Amino acid sequence: MRKICFYDTKPYDKVYFDLYKDKFGFDINYFETKLNSNTAIMSKGYEAVVAFVNDDIDAKTIDILYENGVKIIAMRCAGYNNIDFKATYNKIHVVRVPAYSPYSVAEHAMALLLTLNRKIHRAYNRTKEHNFSLNGLIGFDLHGKTIGVIGTGKIGRIFIDICKGFGMNVIAYDPYPAKDADFPYVSLDELCKEADIISLHCPLTKETQYIIDKNRINQMKPGVIIINTSRGALIHSEDLLNAIKEEKIGGAGLDVYEEESEFFYEDLSTSIIQDDVLSGLISMPNVIVTSHQAFLTKEALNNIAEITLQNLQDYFDDKPLVNEICYQCTKQNKCNKNEHKRCF
Ligand code: NAI
């Protein structure tokens, strides 16, 4: 049996990967620690490493993995902004799960919007205390409102369909518009000016980092609601907090936070959180923070486990790596994968 090691394991990861490991014939050693330059040493003796969104896969970590004989990193997620791809190139293959359930994330984005708008989080707490007052719980009809969707890939398109079901007007921004779109594309400036609600569904890249900052917020309608289920650093968090304090923004539903790796996925209920921006955001009545859980459905976890192990089996069977990614992949026709079925 081939041995693989697994970083940042949570109980639910183990449940779903254990369901599939025998089918693929892998022996999985589950580590609870995150992967970074201090913990990469634990990979000695393994050819394959399974990693996740908040692992720190920088050049130093990659050097240690490479010296340890690791041949492939299997990301059990879609995003890959936490990897230094120049350092992995020609050394360690990187595969990922490009889609496991776009519905899970799109539905969570709508859950955040509905909860925020109709103040369900506050009503839940009130009725638990037998406080049946309605003061301060007024929302607005989503029907007829304009939603601006930034990024119209797999998740963005499903979110748009959900919004249409609510009778909302959809406008979208994406530098690579879909040819079969049944909604209008507008410029980012126009989207910011026109939308009552803005939802982010683009990847984190150099171009999209802080795509929402104080300048963009100043373009937006007063009282706009912002939903982010993509990556924390798409939003300048301090600018967001200031705009919420100044009551420019009506609400924010955040499944991701730019400094989340220190906090998310851990029970810190008895710790003092040292991040004043995160504490400030969480303390606001019109902000909901969930800890990067948009993907967390049974369907998604099944798909993540099966596709991750299939990616690894394809590597060991010398098959094409359909889900491989490298820094050349994003440049059209520049990647070896187009001809040789692997990035290198
Ligand atoms: P996708 O690759 O199908 O779509 C991304 C879209 O963003 C593409 O249409 C692309 O053209 C567009 N885009 C690229 N640069 C842009 C820019 N500068 N401005 C606007 N749009 C831009 O990706 P998918 O599957 O829809 O996922 C979107 C993001 O959701 C992922 O990158 C990931 O960060 C996040 N995600 C979050 C999860 C969670 O649990 N919270 C789970 C899965 C994904």
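**Exercise 1.** Determine the handedness with which α1 passes α11, and describe the geometry and contact of this pair.

*Step 1.* α1 passes α11 in a right-handed crossing; a crossing is right-handed if the near helix is turned clockwise from the far one by less than a right angle, and left-handed if anticlockwise. Helices are DSSP runs (H or I, at least four residues), numbered from the N terminus.

The model is predicted: local features need pLDDT of at least 70, side-chain atom pairs count only at pLDDT 80 or more, and totals for chains, interfaces and linings use all residues. Residues are numbered from 1 along each chain as its sequence is written, and side-chain values use heavy atoms, with hydrogens and water left out.

*Step 2.* The axes of α1 (residues 11-24) and α11 (residues 298-316) come within 9 Å and cross at roughly 45°. Axes are lines fitted to C-alpha atoms, for helices over the stretch in contact, and angles run from 0 to 180 degrees between N-to-C directions.

*Step 3.* α1 and α11 are therefore oblique to each other; angles under 35 degrees count as roughly parallel, over 145 as roughly antiparallel, 65 to 115 as roughly perpendicular and the rest as oblique.

*Step 4.* The contact (heavy atoms within 4.5 Å) includes Tyr-12 and Phe-24 of α1 and Leu-301 and Gln-313 of α11.

**Exercise 2.** Describe how α4 and α6 are placed relative to each other.

*Step 1.* The axes of α4 (residues 102-118) and α6 (residues 154-165) cross at roughly 50° and come within 8 Å.

*Step 2.* This makes α4 oblique to α6.

*Step 3.* The crossing of α4 past α6 is right-handed.

*Step 4.* Among the residues in contact are Val-105 and Met-110 of α4 and Ile-158 and Phe-159 of α6.

**Exercise 3.** State the bounds of the domains and the separation of their centres.

*Step 1.* The domain assignment, automatic or from a database, gives domain 1 (2-100 + 297-316) and domain 2 (102-289).

*Step 2.* Their C-alpha centres lie 30 Å apart.

*Step 3.* The contact takes 14 residues from domain 1 and 10 residues from domain 2.

Conventions
Helices (H or I, at least four residues) and strands (E, at least two) are DSSP runs, numbered from the N terminus.
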